[in-house]
Amino acid sequence: MSEELSKKLFNKKENGWKAVDSNEKQKIFDFSNGYMEFLNKAKTEREFVKHARELADKNGFKDIMEFDTLKPGDKIYFINRNKSMYLAIIGTESIDKGLHIIGSHVDSPRLDLKPNPLYEDTEMAYFKTHYYGGIKKYQWTTIPLSIHGTIVKANGEKMDICIGEDENDPIFTITDLLPHLAQEQMEKKLKNGIDGEDLNLLIGSIPYGEKGESQVKLNILNILNQKYGITEVDLTSSEIELVPAFKARSLGLDESMVAAYGQDDKVCAYTSLAAMMELESVKNTAVCILSDKEEIGSMGNTGMESHMFDFFISEILNKLEVNKPNLLDKVFCFSKMLSSDVDAGFDPIYASVSDKTNAGFLGKGISLNKYTGARGKSGASDANAEYVAWVRNVLENSDIKYQIAELGKVDVGGGGTIAYIIANKGADVIDCGVPVLSMHAPYEVTSKYDVYSAYRTYKSFWNA
Ligand code: MN
Ligand code: MN
């Protein structure tokens, strides 16, 4: 009796794997293999956008600039400075009924080179770095790092570099003090254990020639000159990022999880992109945002705060030949959005920071965050109950398991996403993504069940 009643009344969050048959499991694992392959070639925002474009081209999407007019069914994209991208499929419904937007970000925490990075000390050559996003600095020492980026010469000539991913490439590392001499360091607070100014990448130790100044630095510059035709000043007009050289791998004896760098937020970016590639016709115009600069506040012309996104939607209105004063505002006010960003997965080793009844768990499906923010919801975009109900309806109709969570205990901390930016334009927005363990670490962990759940959620949202 009570068993029946509790089944009816409780909101019980079941482990998703329990209901997965072998056929479904194969689908989940196959999808995750595609995800891991993509992660291995797309570790930076520029690489993600490059490969997203290739995928979009293959699936019949075209640059919006190639169109004079648009009609329902057209598949378009706009690439913003090679670092962010917006894709859309024009819906059959009049566009003033609003867009269905899914927005993620493709930048991840990492180490950027300083504008004048190269120096020599004690006949060893280094690159100086400035970290990007919220990192625990000690996690970035003594691991293999690779160098990714773009160098632009003053004449506009541009080259992409990627060293440390191929098995035959060298890798790089940031050294740390041996425990034998670390007595003083070990007394420090964890956050001060490694100084930001000490995150210097070891890149060489052979001097050029027999005598002279800074011969190891000279040798490095000579190698760079022979390989890329650059001189030291060309490094000032570059964007070079250091990321972990690890490959994405299946995690666990049961292979149920993915361990990889940059899953925040490439897991939501990839799953939404994959879902969009499979859409045929949609009712409301479907929009997929792959934004940049989320990890440092969404500012700048490739960040979500930029007017570049408004420009893209305005171009759609112009090319549909429906634009008129204030139509853009109207479109946003009637739009719905899933801000697809990762959630903090509940970690039993660090259980004390989470409220177990309001946490996102690995393996329990897509995680919705009604609000983010910190300390009294400060800075939060809080989804309206009506909209949460609408999203629940979509998920329940598609038989997708979901959990509604918040990021950590009250007053312990918090976080933000791009949700508030689109909500401020008038759209209904809720955060909706994959729970992650070790978020912002060089190696982050997700459940394959949740990765597949995200893909199914995004597809259902656009088809709603
Ligand atoms: Mn994120
Ligand atoms: Mn993040």
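This report looks at salt bridges in a predicted model.

## Ground rules

Residues count from 1 along each chain as its sequence is written, while chains are lettered from A and ligands numbered from 1 in the order in which they are written.

## Arginine 110 and its partners

Searching the whole structure gives 23 salt bridges (a side-chain nitrogen of Lys or Arg within 4 Å of a carboxyl oxygen of Asp or Glu). One of them pairs glutamate 45 with arginine 110, with the closest N and O atoms 3.2 Å apart. Glutamate 45 sits in helix α3 (residues 45-58) and arginine 110 in strand β5 (residues 110-121), 65 residues apart; helices (H or I, at least four residues) and strands (E, at least two) are DSSP runs, numbered from the N terminus.

Arginine 110 also meets glutamate 241 in a salt bridge, at 3.3 Å from N to O. Glutamate 241 belongs to strand β10 (residues 238-244) and arginine 110 to strand β5, so this pair ties together parts 131 residues apart in sequence. Glutamate 241 and arginine 110 are both buried, as is glutamate 45 (buried is under 20% relative accessible area, exposed over 50%, partly exposed in between, with a 1.4 Å probe and protein chains only).

## A pair beside helix α5

Lysine 217 forms a salt bridge with glutamate 232, the closest N and O atoms lying 2.8 Å apart. Lysine 217 is in helix α5 (residues 215-228) and glutamate 232 in the loop between α5 and β10, so parts 15 residues apart in sequence are tied together. Glutamate 232 is partly exposed, at 35% relative accessible area.

Key
This is a predicted model: local features need pLDDT of at least 70, side-chain atom pairs count only at pLDDT 80 or more; totals for chains, interfaces and linings use all residues. Side-chain values use heavy atoms; hydrogens and water are left out.
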